[in-house]
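Let's take a friendly walk through this model, from charged pairs to nonpolar packing and aromatic rings. Have a look at the sequence and the fold, and then read on.

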Amino acid sequence: MSSKYYYLIAGLAEISLDDDRLPYSVDTFREEIFPSLSASDRRLVGLALEQYDRRNLLTLLEKAKGGEDLQLDDTAVTGSLTFEQLVGVIEAVRAGESADNAVPEYISRFTKEYLDDEWQSHSAFAEDRLSSLFYEYASTIGNGFVRDWFSFNLDLNNIQTALTARKHSLPVQNLIVGDGEVAEALRTSGAKDWGLSQTVGFFDRLVRIQDEADLTAREREIDMIKWNWMEEHTFFHYFTVEKLFAFLVRLDIAGRWLKLDKEKGQEMFRSLIASLKSGVEVPAEFAE
């Protein structure tokens, strides 16, 4: 284990929970932490924000299809790929050239499909297709922790989709994204719980969440399921790249809630900081 990860994690900036604004942001994390990581670890940790890549790509492609300038508004969050990288892919596809090797292949693949004149790019299919290609890519990530995180997210999203579809009498099988045991069960099982209540630990909680009328409260419960997954699965990752990946995921979650509800956001930030300072066994070489 590299000593630099111990010092990076131990040296993370403190957050004053009494401030009216958040002094420690995702961008600050990138500025302070990313330069100290190897190129491969930087790409891996950056994947904690990949959902913004998909959101930004869809926005840019819609503008490209409509002949508009390729711009993102000030509220757009940068994911693992920069605005310039995403625009570069679109321009490369238009020119029939190869995209930047640093950009995952699924981005170029989807861009080619979207810009095809015969493709129905404005349908809800676009988002599902991009998600499907992403999760296919995520299943090949070499780091087991990160791969499991995205597999968990795929299952979580698919079960949410299935529960919502059933509530509104929609065909579930046509709405499920990606592959895996959970996706297969949701597509084929005729059981009320699709045979998942005994095998998926968060299934019953998702069922209860579906009965929550307040959409904000429902979203927060979903984020707490994700938060708890990170807490559980990083317990034995002390000062490794996985710890930094998890920190960035939770920083993003807590930051969004701080903007929505300062009191709830503070609670989540307290949990985040506490998780980095407690329950961690410091290796002997760093115990002095």
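Two residues are in contact here when they have heavy atoms within 4.5 Å of each other. Please keep in mind that this is a predicted model.

Is Asn-56 buried or exposed? With a relative accessible area of 5%, Asn-56 is buried, because the limit for that label is under 20%. Setting aside neighbours within four places in sequence, Asn-56 is in contact with Leu-72, Ala-76, Val-77, Thr-78, Gly-79 and Leu-86.

Thr-78 and Gly-79 turn up again with Arg-30. With neighbours within four places in sequence left out, Arg-30 is in contact with Pro-35, Leu-49, Thr-78 and Gly-79. Arg-30 belongs to helix H2 and is buried, at a relative accessible area of 15%. A polar atom of the Arg-30 side chain lies 2.5 Å from the backbone oxygen of Gly-79. The Arg-30 side chain also meets that of Asp-27 in a salt bridge, at 3.9 Å from N to O. Where do Arg-30 and Asp-27 stand relative to each other in helix H2? They are 3 residues apart in this helix (residues 26-33), so about one helical turn separates them. Asp-27 is partly exposed, with 45% relative accessibility.

**Salt bridges**

How many salt bridges does the structure hold? There are 8 salt bridges. As background, side chains of opposite charge can pair when their charged atoms come close.

| Pair | N to O distance |
|---|---|
| Arg-30 and Asp-27 | 3.9 Å |
| Glu-219 and Arg-256 | 3.5 Å |
| Glu-231 and Arg-250 | 2.9 Å |

Turning to Glu-219 and Arg-256, their closest N and O atoms are 3.5 Å apart in the salt bridge. This pair links distant parts of the chain, with Glu-219 in helix H11 (residues 215-233) and Arg-256 in helix H12 (residues 241-260), 37 residues apart. Glu-219 is partly exposed at 38% relative accessibility, and Arg-256 is partly exposed at 26%. Which residues make up the salt-bridge network here? Glu-219, Asp-223 and Arg-256 are linked in it.

Glu-231 and Arg-250 join their side chains in a salt bridge of 2.9 Å, N to O. Here too the pair links distant parts of the chain: Glu-231 is in helix H11 and Arg-250 in helix H12, 19 residues apart. Glu-231 is partly exposed, at 28% relative accessibility, whereas Arg-250 is buried, with a relative accessible area of 0%.

**Helix H5 and its packing**

Helix H5 (residues 83-95) has 13 residues, and its span from first C-alpha to last is 18 Å, close to the 18 Å expected at 1.5 Å a residue. Which residues of H5 are buried? They are Leu-86, Val-87, Val-89, Ile-90, Ala-92 and Val-93. These buried residues pack against helix H4 (50-65) and helix H6 (105-114). One of them, Leu-86, is among the contacts of Asn-56. Just after H5 comes Gly-96, with a positive phi of about 70°.

**Nonpolar core and aromatic rings**

The largest nonpolar core has 84 residues, of which Phe-150, Ile-159 and Phe-245 touch the most other members. Residues up to four places away in sequence aside, Ile-159 touches Val-182, Leu-186, Leu-196, Val-200, Phe-202, Phe-203 and Leu-206.

Why is the pair of Phe-152 and Phe-202 called edge-to-face? The ring centres are 5.4 Å apart and the planes stand at 90°, and planes over 60 degrees apart count as edge-to-face. Phe-152 lies in helix H8 (residues 144-167) and Phe-202 in the loop between helix H9 (181-188) and helix H10 (203-209), so the pair ties together parts that are 50 residues apart in sequence. Phe-152 is buried at a relative accessible area of 6%, and Phe-202 is buried at 15%.

Both rings belong to one aromatic cluster, whose members include Tyr-106, Trp-149, Phe-150, Phe-152, Phe-202, Trp-229 and Phe-245. Two of these, Phe-150 and Phe-245, were named above for touching the most other members of the largest nonpolar core, along with Ile-159.

Methods:
Residues are numbered from 1 along each chain as its sequence is written. This is a predicted model: local features need pLDDT of at least 70, side-chain atom pairs count only at pLDDT 80 or more; totals for chains, interfaces and linings use all residues. Side-chain values use heavy atoms; hydrogens and water are left out. A salt bridge is a side-chain nitrogen of Lys or Arg within 4 Å of a carboxyl oxygen of Asp or Glu. Helices (H or I, at least four residues) and strands (E, at least two) are DSSP runs, numbered from the N terminus. Buried means under 20% relative accessible area, exposed over 50%, partly exposed in between (1.4 Å probe, protein chains only). A nonpolar core is a set of buried Ala, Val, Leu, Ile, Met, Phe, Trp, Tyr and Cys residues joined through side-chain atoms within 4.5 Å. The expected span of a helix is 1.5 Å times one less than its number of residues. A polar contact is a pair of N or O atoms within 3.5 Å; within protein, one must be able to donate a hydrogen and the other to accept it, and residues adjacent in sequence count only if both atoms are side-chain atoms. Rings of Phe, Tyr and Trp (its six-membered ring) pair if their centres lie within 6.5 Å; planes under 30 degrees apart count as stacked, over 60 as edge-to-face and the rest as tilted.
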